[in-house]
Amino acid sequence: MELSYAVLAVAIAAVLLVGMLYNGLVVRRNRVQSGWADIDVQLKRRHDLVPNLVESARGYIAHERETLEAVTQARTQAISAGANVAARASAEMQLGGAIGNLFAVAERYPALRAAENMQLLQEQLTSTENRIAFARQHYNDTVLEYNTAVASFPRNLFAGALGFSPAAMFAAEESDRAVPQANFKL
Amino acid sequence: MTALCVLTALAMGIPLTLVLTPLFYAGTLITADVVSYFTPLPPGFWDTMKEVAYLAVRVGDYLFNNKPLDPQLLGIGLGVLLVPGMVIALALWMAILALFRRAGVGGALTTLNAREPNPHDLRELQLANVVQEMAIAAGLPAPRVMLMDSPGANAAAIGNSPADARIVVSRRLLDDLDRDQMQGLLAHLIGSVGNGDLGIAFAVTTVFETCGLLGTLINAPFGPHARGTLWRIVRYAFGRGASGTPAEAEGIAALLTGDLDLQSDDIDRFFDSGTRRGPIHKLLVFVFFPIFFTNAAIKFTLWFFLTALLGPCMALLWRSRRYLADASAVQFTRNPDGLAGALRNLTQDETAIPGGIWASHLFVVSPGRDTSVRQDKPTGEQMRLVARAWAESAPVGPAKSAYTTGDYVRCCAELISTQRAAVGGDATALARMTAFHGVISTLVPGPIAQSLPDPADLTAALRGDPAAIARLQNQQESMSRHGQGVQKRTGFQAESIVSFHPSLKRRLQRLERMGAHVDWGASQKWSATKIIGTTIAVLILGPLALAAAALMLVVVAMMIMLNLLFLALWLFAIHALFGLLAHR
């Protein structure tokens, strides 16, 4: 009789423990998802700012067609990259590189640099770049925490069975990271 | 945190209880006297009362003379002695909590010409952007940003929860810091919000306010000032419209903590035996004299408790939160140099935030001057150079070959008057300032030249640019204050002997351990004589301070004893009076 009570107590404790561990995993997975959504918001913001930037710059450096088109093209690619984290990351890297290139070119045109509209726009884009970087940082931090939780004992005993698979970090492949070089021929 | 506050409130009740319980007992006795005048009470009641009084005597006997006492009786006795004060303190604390919960902390800051950042101004747009960035890095909802057009450079986080937090930044901060430094500073603030510091600040405030409310309640029978405060609280509690705003809450809070001071005009006025007072007043004074002692004893105990115990504890707690927020800032920005540079820049500034006086603990750096790291006070050599530059910039050319520090003082005075003239529109004065600025930046490059007014600002001020005028005024103030001592600590920081902000040096040391590059200059080297001198001073002053604290406790105890004695006499007189009346 007493033995059965002990067994019952142990069973209840085990169920409670697994429940708590499971809830911890759910919380972390949701954090990862919301982190990803945050990056997404910032990436969209950049997509929205880019046409504005290109239009403002075109007035001053219409003849730098290659640079401007590279930006527009990179944006189109980034928008159509889909939901795959790795593919999306590399497309966004391309866009970031193209925008950086455009600013490098703009440095050579004092009139463009000094235009107030351009300054505000540049600040917005700088901030967007920062936001993407910080959102990535936050996302990667949450992914790190989630992956550690999934892979560490005792959660690893049941995490896979309950459908918690490790999440991917937002990082591009080494080959994709090559930033297009600014064309400094005059 | 809440548990901690409950504990503090209970602890606050202990000194209170020593005074309140006898008072409560006396009140009960008098009521019983009055009641028994009309309908005689059963003798059992009087026996119980006597028993209770005797219990108190025996507990005192046990505590002071080590007379043996039954533990059960001791427990009851201590309970009777301690519980009423604790209950009252706890009830007051809960009332304060309920009262100010919706106001949060720092509400008054927003009413002080705070405005939204202008998206067409590059620096203000940058500020708004940096706040958004840091909120993203912290994974928090972005707080609202408010700008204050005040001369001091500082920033604070206010509100009562991360969801409605606001960040208040003075406009000058944007001119003084670069983007990285601003990022570090705002990461500190947002990190602090994310760590739940707003709740802690609120709790700390409520504890101080409870202390203040106790003081006010005790003062209330004596004077209009305390009654006015109480009336404002009541109006706030049931207030609609203007009297229910966060700013009003802040005003009340400031009043309450103001009542913590030992100066009590109300009491002094009441007991001031002026010649014009009538006999009724004199009788009142005689009757209320024990209460005066009660009042003084409670207030003195509270003050001691607050300054020597509660204040330092809260200050240390708050300091550890600052370190934590610094660490969070580094975690978010991954750049310890930004915050280190910002802290350094801000502590060079000695201008207090107007209106932020009461809430000064909420700011990133203490609005006073921090002396823990050597600041740019001119050396003798630099003073002579400045004096030389001033003479050389004069139209007639240099008249002397050597300059003394006396010349520097004279030159500062001349500089200020010339600058005033230049701002007033005097063209020659403006030319002189420009010439001086040219000479000084070649002779003494560095912070001295930066601390002088910029000629560009002068011309801008002539055109009526308010920002330039504010900068100039601030510079003038700091110049005329040059050499004066450390600014007085403000707000309820003054209630604690320990500052609410860690010293710049410690913060920089911690940031350095996290990878910041700190230029210590000459400040870190302690000469042997200085170390020996400090050690001797500590050795001598330490025991003295301890003795002073012990003496204070003795004074408190004596006050309480005197208070009890007077109360007993008073009670005895009344009791005898009623006894006579009843027997007749």
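Predicted model: local features only at pLDDT ≥ 70, side-chain atom pairs only at ≥ 80, totals over all residues.
Let me begin with chain A, whose secondary structure comes to 5 helices and 0 strands, so that, read from the N terminus on, the elements simply run α-α-α-α-α. As for overall dimensions, the C-alpha atoms of chain A fill a box of roughly 90 × 30 × 20 Å when it is taken along the principal axes. The radius of gyration of chain A is 24 Å, whereas a compact globule of 186 residues would have one near 16 Å. Buried residues make up 27% of the 186 residues in chain A, and of its contacts with a separation of 6 or more, 76% are between residues 24 or more positions apart.

Leu17(A) lies in helix α1, which covers residues 2-61 of chain A, and the C-alpha atoms of Leu17(A) and Leu112(A), 95 residues apart along the chain, are separated by 63 Å. Is Leu17(A) buried or exposed? Leu17(A) has 11 C-beta neighbours inside 10 Å, and because 12 or fewer is the cut-off, it counts as exposed.

There is also a point of backbone geometry in chain A. Most peptide bonds are trans, but the bond that joins Phe153(A) and Pro154(A) is cis, with omega at about 0 degrees. Pro154(A) has its place in the segment after α5, the helix that spans 116-151 of chain A.

Turning to chain B, we find 21 helices and 4 strands, and buried residues make up 37% of its 584 residues. Of the contacts in chain B with a separation of 6 or more, 76% are accounted for by residues 24 or more positions apart.

Which residues have the most contacts inside the largest nonpolar core? That core has 93 residues, and the ones with the most contacts inside it are Met134(B), Ala155(B) and Leu186(B). Its largest share, 12 residues, comes from helix α12, residues 279-333 of chain B, and the core draws at least three residues from each of domain 1 (1-100) and domain 2 (102-369 + 492-520) of chain B. A second, separate core of 15 residues includes Ala74(A), Leu95(A), Ile99(A) and Ala106(A). As background, nonpolar side chains tend to be buried together in soluble globular proteins.

After α7(B) comes Gly196(B), whose phi is positive, near 85 degrees.

For α13(B), the 12 residues should span 16 Å at 1.5 Å a residue, and the end C-alpha atoms are 17 Å apart, which agrees. How many residues of α13(B) are buried? The count is 10 of its 12 residues, and α13(B) is thus mostly covered; among the buried residues are Pro336(B), Leu339(B), Leu343(B), Arg344(B) and Leu346(B).

Arg334(B) is found in the loop between α12 and α13 (336-347) of chain B. Most residues other than glycine have a negative phi, yet phi of Arg334(B) is positive, near 55 degrees. With 13 C-beta neighbours inside 10 Å, Arg334(B) counts as partly exposed.

Leu73(B), which is found in helix α3, residues 71-100 of chain B, likewise counts as partly exposed, with 13 C-beta neighbours inside 10 Å. Leu73(B) and Leu55(B) are 18 residues apart in sequence, and their C-alpha atoms are 7.6 Å apart in space.

Finally, let me come to the contact between the chains, which takes 9 residues from chain B and 11 residues from chain A. By class, the side of chain B that touches chain A has 4 nonpolar, 4 polar and 1 charged residues.

Definitions and conventions: Residues numbered from 1 in each chain as written. Chains lettered and ligands numbered in written order. Contact = placed C-beta atoms within 7 Å. Nonpolar A, V, L, I, M, F, W, Y, C, P; charged D, E, K, R; others polar. Core = buried A, V, L, I, M, F, W, Y, C linked by C-beta atoms within 7 Å. Buried ≥ 20, exposed ≤ 12 C-beta atoms within 10 Å, placed from the backbone. Helix = DSSP H or I, 4+ residues; strand = E, 2+ residues; numbered from the N terminus. Domains from an automatic or database assignment. Expected span 1.5 Å × (residues − 1). Rg over C-alpha atoms; globule rule 2.2 N^0.38 Å.
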